[in-house]
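Here is a brief report on a modelled complex. It takes up local backbone features, helix packing, chain contacts and confidence in turn.

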Amino acid sequence: MSDNHDTASMQDHIRVYLMVFGALGVLTVVTVLASYLNLSTSEGIFLALIIASVKASLVLGYFMHLITERKMIIWILLMTVFFFFIMIFLPLISNIDHAGDPAQWWKVL
Amino acid sequence: MYSNSNNHDHHEETFIQKYIFSVDHKVIGIQYGITSLLFLLFGFSLMAIMRWQLAYPGTEIPIVGFIFGEGGVLASEQYNSLGAMHGTIMIFLGIVPLAVGAFGNYLVPLQIGAIDMAFPKLNAASYWTYFVGGVIMISSFFMPEGAARSGWTSYPPLSVFENGQTIWLISMIFLITSSLLGSMNIIVTIVQLRVPGLTWMRLPLFTWAQFVTSFLLVLAFPPLEAAAVLQLMDRVAGTSFFLPSGLVMSGEIVDVAGGGSPLLWQHLFWFLAHPEVYVLILPALGIVGEILANNTRKPIWGFKSIVYSMVFLGFCSFIVWAHHMFLTGMGQAMSAFFQTTTMIISIPSVVILTSYFLSLWGGSIRFNTPMLFALAFLPMFGIGGLTGLPLGLAASDIYLHDTYYVIGHFHYVVAPGTIFALFAGIYYWFPKITGKRMSETLGKLHFWPSLIFMNGIFMPMFIQGLAGVSRRLADGGVSYAHASGVLQWNEFMSISAFCLGLSQIPFIVNIFMSLFTGEKSDRNPWKSTTIEWAAPSPPLAHVNFDSEITVHRTAYEYSVPGAKEDFIPQTES
Amino acid sequence: MDIPYVVEEREDTGLINSKLGIWIFLASEVMLFGGLFSAYIFLRMAALPGDFERWASELSVPMATVNTVVLISSSVSMVMAWASLKMKDFSKYKMYLGITIFCSFVFLTIKYFEYSGKFAHDIYPSSNTFMAIYFTLTGLHVLHIIGGVVVMLYFYLPISHKMWDKQPEQFTNRIEVFGLYWHFVDLVWIFLFPVLYLL
């Protein structure tokens, strides 16, 4: 943002950045530790992605300023994320759903 | 307020700065235009060679036969090469650069009152990346391996082992990058550089179409770029992204790690390639809208519905792709899902086409050359769209998939569809770009035969397809008993194709003649409302307009009751 | 005549051109890496149960964890570089940018050892589909880091400082826009790390 931030308000931002840094460090440790838990594959995937998403949200929200960003950018990103999930899940489901009972497709997720 | 003397910050430009590495969107647009038209001509020639073979199998191909061994007759691999390259060149080197790179770059800034695109240097970079990609693609013909021959769809495992694919893939990476840079530029330009007063609902349909098209390009192309890298690695690094275990070739087990999936390529490829076909049609729909409004002297019927339909169409285009994959063994649930979304996506197309037809009612129609092409577009696109329905329904697609029916369907949409709209656009905007008028006589000499011969080539394809003639057959179906009843159409279609080629001569002559000896055009020869016509013909270098532009009206204020003339420009208060 | 909204924001969108531009570019990058993640999922499903875990066990979790911390640190130093410019402190900006560049080189060095270690044990992309997608995903990510380093070196060297003297706001915006790219590169790694090394 090119409006004038005076030094004091930048200091607030800096404090936030450092807190986020700390949080990211902690979450990284958590991620690694979680991998030593004896979880099943799908539980493991689920947990890993949840933690990664939290870290990603912190980077997106605070380092990339999305928390205060304009609607247009948010909309473009939401649309992208939507198509991203389409691209990930539809081929996945198509692959599973061959010659099987269509009513049971959700079981393999 | 704006005058040529403002060019104090542009010191005398060298020839190279002005014409080769220019950052002026108009020069870049013309560069795209010339390059893409040459590629279209080349791609057409490849098809003409193929069609000779189909009409007169075993005979020597005239003029260029010496290039192909064995008495000037095409070997099957050569036929396949021509087929794959025809498709690739027409789509990626021809239509998209013309519709988006040329028309988009040239006209979008003008239609929104801007002096240039948001990122002029990026614009130049995107053209030169396209150029390099094009050179690489054409160079493949001269490589020892020869050009690609696995279809423009490049399906593995064939494409991993067949000749010519490596260069094809490298070229695609350049072309995709060019597209990404260009479409990013268009989006930012339209969002940020509209002049005061130009609200979203006052944007002309051409610009709306370019906006939606650019989103499709930005979001749909990257997965194909990823997939192209993966296929390249399968070819050169020995990976098995797309190669399943236990693959046998020529009786021997292939020595790769295996474990890959050919279907993965198909999903990633069609994830782009379906939105790609909407990239091919949307700019055309935009151009037709402009020309219909202008030559009926009426606002377009249902402007808002058309805008919403274009946006909805763009959105839906991302969720229909597997209708190209109905025969890959997907189960009922997913086939039903994609069939449903495909049926839904026909709705916005129909809304747009119907609105265009309705726009004609009560209009004072001027039958000039751009209008003739725009009018012909309507039923041609209609045929193309309607013939798509049996393909979108899984049950009928089982019989029609990979037959000539499909070729007929998509060519109707792209050839007498998009290409006619692009011709219309060239005739329409030629005076603005060059300051000269084109000959109406030559224009009509171009139009009527083209219309007749387009139908001559593609209508019989439905007949052949319904009889079961497969596509990509080097012998045109001769070796199949079920095709025997419809093979006589081959000669008819080929002659139509050659005549279609000849029909382009008036067009080419017209362009060159008009450039040098054409009647001078004033600023607004078609008496149009949109902003590009407020600029001089041609627009001023780097600044486009010679007066300040503000917008006070919607895009198509024709025949407004009580007005002085039968049109009020957007810029008039 | 200049192109507007390079430095000042357009009122109705609240954006400058380059910021909108970079976000759209990042959207396309999401789809690019997304295509590769889709490939990962497909390949994992196509493999026999347990194969991917077995092949993935060749990777070094400690090296990747260090890399994760290094990259996150570089993200912090990048945003601090921008913050320093907002506070008109050019020497602090240089210091933080320097830290970011240093972190990038550390990342690349560790990656170099990772890759060469694999090759030394005869493990290549062609060895199995996990290694294929591992090398491709991390390789593409490395290319993005290298691209970022090139740009950062440009911003570090005096060539670009003339713009700070003449048009400080535009220079600050450039750093912000580059920072967005850099954070994205960090984001990709935040997902790559657990998916490739831990699952």
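Where is the place of S250(B)? S250(B) sits in the loop between β1 (248-249) and β2 (252-253) of chain B. Its phi is positive, near 50 degrees, although S250(B) is a residue other than glycine. This is a predicted model, and every value below is computed from it.

**Backbone details in chain B**

The peptide bond from P156(B) to P157(B) is cis, with omega near -5 degrees. P157(B) lies in the loop between α5 and α6 (158-161) of chain B. A cis bond also runs from S537(B) to P538(B), with omega near -5 degrees. P538(B) belongs to the segment after α17 (505-517) of chain B.

G468(B) follows α15(B) and has a positive phi, near 100 degrees.

**Helix packing**

Two packed helices are described by the angle between their axes and the distance between the axes.

| Helix pair | Angle between axes | Axis distance |
|---|---|---|
| α5 (residues 120-139) and α7 (residues 165-192) of chain B | roughly 160 degrees | within 8 Å |
| α9 (residues 262-296) and α14 (residues 404-434) of chain B | about 45 degrees | 9 Å |
| α1 and α7 (residues 168-198) of chain C | about 15 degrees | 10 Å |

Take α5(B) and α7(B). Their axes cross at roughly 160 degrees. An angle over 145 degrees counts as roughly antiparallel, and α5(B) and α7(B) are therefore roughly antiparallel to each other. The crossing is left-handed. On the α5(B) side the contact includes L122(B), Y130(B), I136(B) and M137(B). On the α7(B) side W168(B), F174(B), L175(B) and N185(B) are among the residues that take part. By class, this contact has 12 nonpolar, 10 polar and no charged residues.

Next come α9(B) and α14(B). They pack at an angle of about 45 degrees, with axes 9 Å apart. That makes α9(B) oblique to α14(B). Here, α9(B) passes α14(B) in a left-handed crossing. The contact is made by L280(B), I281(B), A284(B), I287(B), V288(B) and I291(B) of α9(B), and from α14(B) by residues including V413(B), G417(B), A421(B), L422(B) and Y428(B).

α1(C) and α7(C) pack at about 15 degrees, with their axes 10 Å apart. That makes α1(C) roughly parallel to α7(C). Their crossing is right-handed. From α1(C) come S18(C), K19(C), I22(C), L26(C), E29(C), F33(C) and Y40(C). They meet N173(C), V177(C), L180(C), Y181(C), F184(C), V188(C) and V195(C) of α7(C). The contact has 10 nonpolar, two polar and two charged residues.

How many helices and strands does chain C have? Its secondary structure comes to seven helices and zero strands. Along its principal axes the C-alpha trace of chain C spans about 60 × 35 × 20 Å.

Chain C meets chain B through 32 of its residues, which are in contact with 35 residues of chain B. α1 (17-46) and α5 (129-156) of chain C each supply at least two residues of the touching side. The largest share, 17 residues, comes from α1(C). By class, the chain C side has 19 nonpolar, 12 polar and one charged residue.

**Chain A and its contact with chain B**

Chain A touches chain B as well. Here 15 residues of chain A are in contact with 15 residues of chain B. The chain A side divides into nine nonpolar, five polar and one charged residue.

**Confidence**

The predictor gives the complex an ipTM of 0.94 and a pTM of 0.94. Chain C has a mean pLDDT of 93, and 100% of its residues reach 70 or more. Chain A averages 82, with 83% of the residues scoring at least 70. Residues 105-109 of chain A have a pLDDT below 50. Beyond near neighbours in sequence, that stretch has six contacts in the model.

Note on methods. Residues are numbered from 1 along each chain as its sequence is written. Chains are lettered from A and ligands numbered from 1 in the order in which they are written. This is a predicted model: local features need pLDDT of at least 70, side-chain atom pairs count only at pLDDT 80 or more; totals for chains, interfaces and linings use all residues. Two residues are in contact if their C-beta atoms, placed from the backbone, lie within 7 Å. Helices (H or I, at least four residues) and strands (E, at least two) are DSSP runs, numbered from the N terminus. Ala, Val, Leu, Ile, Met, Phe, Trp, Tyr, Cys and Pro count as nonpolar, Asp, Glu, Lys and Arg as charged, and the others, Gly among them, as polar. pLDDT is the predictor's confidence in each residue, from 0 to 100. Axes are lines fitted to C-alpha atoms, for helices over the stretch in contact, and angles run from 0 to 180 degrees between N-to-C directions. Angles under 35 degrees count as roughly parallel, over 145 as roughly antiparallel, 65 to 115 as roughly perpendicular and the rest as oblique. A crossing is left-handed if the near helix is turned anticlockwise from the far one by less than a right angle, and right-handed if clockwise.
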